[in-house]
Amino acid sequence: MFTGIITDIGTILELEQRGDLRARIGTSYDTKTVDIGASIACNGVCLTAIALGEGWFDVQISAESVTKTNIGTWVKGGRVNLERALKVGDELGGHIVSGHVDGVARITAMKDEGDSTRVTLEAPKELARFIAPKGSVALNGTSLTVNEVEGASFGINFIPHTKDATTWGAAEVGDLINLEIDTLARYVARLAESI
């Protein structure tokens, strides 16, 4: 489990197809404190550290994860949002995030408003019903509050700190974004269907 509070920006150092896709990700985490088998959210995708070195970790990514997320757009030198798994007793500053991406949204518009940036995204139609104004979503692993919803489109706002502390400062219209809907929204919708 994660919180959606990004704690590092990693750099993709290597990508290699070996049956599954294998990626080496550079990090500022002290990798002496990371165990083999540890879960690390990479752009919101829960991946397992399978090898470690000073300033890097390797992950193995299944074809399922590649096809259901934006991992297929990763390139050497690209940057990804990183978050280590939540430990019992850690502060829950965002919302509960599983690292199980539900689908991929696309940025359709961006507009500066003061120092902040308002971003509009288009969600897959089958996921749009789970997104509500003032609800939570995880986008590329970042816990965010939804401002407005219109059909499958929804808007969020990035303050300068978020743009600086994550990869969101480099976002552009057309980017594919990993979307994880709020777990609570999923259960509420399921309950409503059964009534």
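Predicted model: local features only at pLDDT ≥ 70, side-chain atom pairs only at ≥ 80, totals over all residues.
Two strands are taken to pair if DSSP finds at least two bridges between them.

Strand S13 has another partner to look at. Strand S9 (residues 136-139) also pairs with S13, again in the antiparallel sense, and here the bridges number three. Within this pairing, alanine 138 has glutamate 180 of S13 as its bridge partner. How many of the six residues of S13 are buried? Five of the six residues in this strand (residues 176-181) are buried, so S13 is largely enclosed by the rest of the structure.

Strand S9 also holds serine 136. Buried means under 20% relative accessible area, and exposed means over 50%; serine 136 has a relative accessibility of 24% and therefore counts as partly exposed. From serine 136 to phenylalanine 154 is a step of 18 residues in sequence, while their C-alpha atoms lie 11 Å apart in space.

Turning to the barrel, six strands close up in the order S1-S2-S5-S4-S3-S6, with antiparallel pairing. On average, neighbouring strands of this sheet are turned by 45° against each other, direction ignored. One of the pairings that can be followed residue by residue is that of strand S3 (residues 39-42) with strand S6 (residues 79-84), where three bridges connect the two strands in the antiparallel sense. Here cysteine 42 finds its bridge partner in leucine 82 of S6.

Beyond S6, the loop between S6 and S7 contains leucine 92. With a relative accessibility of 44%, this leucine falls between the two cut-offs and so counts as partly exposed. Leucine 92 also belongs to a nonpolar surface patch together with Met1 and Ile96, and the accessible area of the three comes to about 270 Å².

How many of the twelve residues of H4 are buried? The count is one, and the helix is hardly covered.

Technical notes
Residues numbered from 1 in each chain as written. Heavy atoms only, no water. Helix = DSSP H or I, 4+ residues; strand = E, 2+ residues; numbered from the N terminus. Axes fitted to C-alpha atoms, helices over the stretch in contact; angles between N-to-C directions. Buried < 20%, exposed > 50% of the residue type's maximum accessible area, 1.4 Å probe, protein only. Patch = residues over 30% accessible without salt bridge, like charges linked within 9 Å, V, L, I, M, F, W, Y side chains within 5 Å. Areas by Shrake-Rupley, 256 points an atom, 1.4 Å probe, with all protein chains shown as cover. Salt bridge = Lys/Arg side-chain N within 4 Å of Asp/Glu carboxyl O.
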